[in-house]
Amino acid sequence: MERPLTGDQSLVKQINKSIVFTTIVGKGPISRAQISKNTGLNKATVSTMVAELIDEQMIYEIGSSQSSGGRKPVMLYFNSHAGYAVGVDLGVNYILGVLTDLSGNKMEEVHIPIEKREFNEVVESLKSVIQTLLIKAPESVYGVVGIGIGVPGIVDKEKKILFAPNLNWNNINLKEIIEKEYNIPTIIENEANSGAHGEQLYGAGKHISNLIYVSIGIGIGTGIIIDNKLYTGVSGISGEMGHITIEANGRKCSCGNRGCWELYASEQVILNDAKNSIHENSVLDFNGLVNEAFKGNPLILQLLNTLGENIGIGLTNIINTFNPEVIIIGNRISQFKNWISNPIEHILSERLLPYHKDKTEIRFSELGKHSCALGAASFAISGFLAEKKVSEQYK
Ligand SMILES: [Zn+2]
């Protein structure tokens, strides 16, 4: 008969199990003996934890066949298809949803434009994207384990959307709405925080402990990772760098301030400026702008040069404040990389002390338009693993 564990023993067991699981996820395929060697846990403990994890179908084993060199060790693999996650990037003018396995590999993708920004219509569109992805999820042990949604607004520690100025939303409990509809744990996070998390796990920020992800779309948001942890501030709403002032008496912003960075350096600015400076009858959307840039339209190239310089001005403030190892420019503006990276570099060289300039590298998003959706999915996965008590990596 096993004696019931005391509180301390149960905690130790949980920690050991999480160490074994994390080792298999990170270093698998790996044998029991290698896990023991890597972690310093004794072989009996490793075997017990492995048996439990196999029982839960979180891992599986392959091997044990005879070979000419003797018996091959049994290797352990993370069962990344034990469940799936949905990640959604709720943009101001589009919704992008992905279905991923538990390793964050993208299996399916749905993209729809948002034409009307009324709350009910956006929520209906959001539900249709989620529904489509849920139907596409293959059969699995745990099914869809979570839904993560990155939103263009201020999200507090309780994951309530306090304010999404570009959608005109105030005090919205989207988590409750989605959980009620699907009965699946749902995580709401600011889109820039999701993007930062996604890029650090799977993209341009891999193995970087101190980075700032700058999401430039219709507005500008930043996700701040310090010492491998997302920094969210006392109420969870840090990173509103789009509203730092770069023109003391500049344009009036919906946030109440004047001269905010995002009024000079976002997708919205270039869309407006292009509308004003190109012959009246042509209506340019974002993709139209990208096409014009590729064609070498001198007016658009001029606008992109100014945009790059304005982006650079905001970045000098970020670099002076955080001294980050890497800044990752993400969201749709990264499609203009070819035309904005030189003006950005010029401004940084002109305006920063060399100590700052030399140590910070400017990169563009590797996940491109998927960074927010993949990051949101990874929050959902981390939430599930924490719930199953096999990982503490939920950040
Ligand atoms: Zn503002």
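Let's start with Lys357, which sits in helix α12, residues 354-359 (helices here are DSSP runs of H or I with at least four residues, strands are runs of E with at least two, and both are numbered from the N terminus). Lys357 touches Glu345, Leu348, Ser349 and Leu352, leaving out residues up to four places away in sequence; contact means heavy atoms within 4.5 Å. Glu345 is 12 residues from Lys357 in sequence and 9.4 Å from it in space, C-alpha to C-alpha.

Keep in mind that this is a predicted model, where local features need pLDDT of at least 70, side-chain atom pairs count only at pLDDT 80 or more, and totals for chains, interfaces and linings use all residues. Residues are numbered from 1 along each chain as its sequence is written, and side-chain values use heavy atoms, with hydrogens and water left out.

**The nonpolar cores**

- The largest nonpolar core has 37 residues, and Ile311, Leu315, Ile329 and Phe336 have the most contacts inside it. A nonpolar core is a set of buried Ala, Val, Leu, Ile, Met, Phe, Trp, Tyr and Cys residues joined through side-chain atoms within 4.5 Å. Buried means under 20% relative accessible area, exposed means over 50%, and partly exposed is in between (1.4 Å probe, protein chains only).
- At least two residues of this core come from each of β13 (211-216), β14 (220-226), α8 (267-277), α9 (286-295), α10 (298-322), β16 (326-330), α11 (337-351) and β17 (361-364).
- The top contributor to this core is α10, which gives eight residues.
- Beyond its neighbours within four places in sequence, Phe336 contacts Phe286, Leu289, Val290, Ala293 and Leu304.
- There is also a second, separate core of 31 residues, which includes Val88, Val129, Ala137 and Ala164.
- As background, nonpolar side chains in soluble globular proteins tend to be buried together.

**The zinc site**

- Which atoms hold the zinc ion? His243 (ND1), Cys253 (SG), Cys255 (SG) and Cys260 (SG) coordinate the ion at 2.0 to 2.3 Å. Donors are N, O and S atoms within 2.8 Å of the metal (3.2 Å for Na, K and Ca), and water is not among the atoms, so sites may look incomplete.
- The arrangement is tetrahedral because the four donor atoms subtend angles of 104 to 117° around the zinc ion; four donors count as tetrahedral if all angles lie between 85 and 135 degrees.
- Along the chain, the zinc donors follow the spacing H-x9-C-x1-C-x4-C.
- Cys253 and Cys260 are both buried.

**Two packed helices**

- Helices α8 and α10 pack at about 145°, with axes 10 Å apart. The axes are lines fitted to C-alpha atoms, for helices over the stretch in contact, and angles run from 0 to 180 degrees between N-to-C directions.
- On the α8 side, the contact is made by Ile270, Asp273, Ala274 and Ser277, and on the α10 side by Leu299, Ile300, Leu303, Leu304 and Leu307.

- Most residues other than glycine have a negative phi, and most peptide bonds are trans.
- Gly28 and Pro29 are joined by a cis peptide bond, with omega at about 0°. Pro29 lies in the loop between α1 (7-27) and α2 (32-39).
- His207 is not a glycine, yet has a positive phi of about 65°. You'll find His207 in the loop between α6 (191-202) and β13, and its relative accessible area of 77% makes it exposed.
- Asn228 is not a glycine either, and has a positive phi of about 70°. Asn228 is in the loop between β14 and β15 (229-231), and counts as partly exposed at 35% relative accessibility.

**Some buried residues to look up**

- Setting aside neighbours within four places in sequence, Thr23 contacts Gly28, Ile30, Ile35, Asn38 and Thr39.
- Val151 belongs to strand β8, residues 144-151, and counts as buried at 2% relative accessibility.
- Asn297 is in the loop between α9 and α10, and at 16% relative accessibility counts as buried.

Methods. Tetrahedral: all angles 85-135°; square planar, octahedral: opposite > 155°, others 65-115°.
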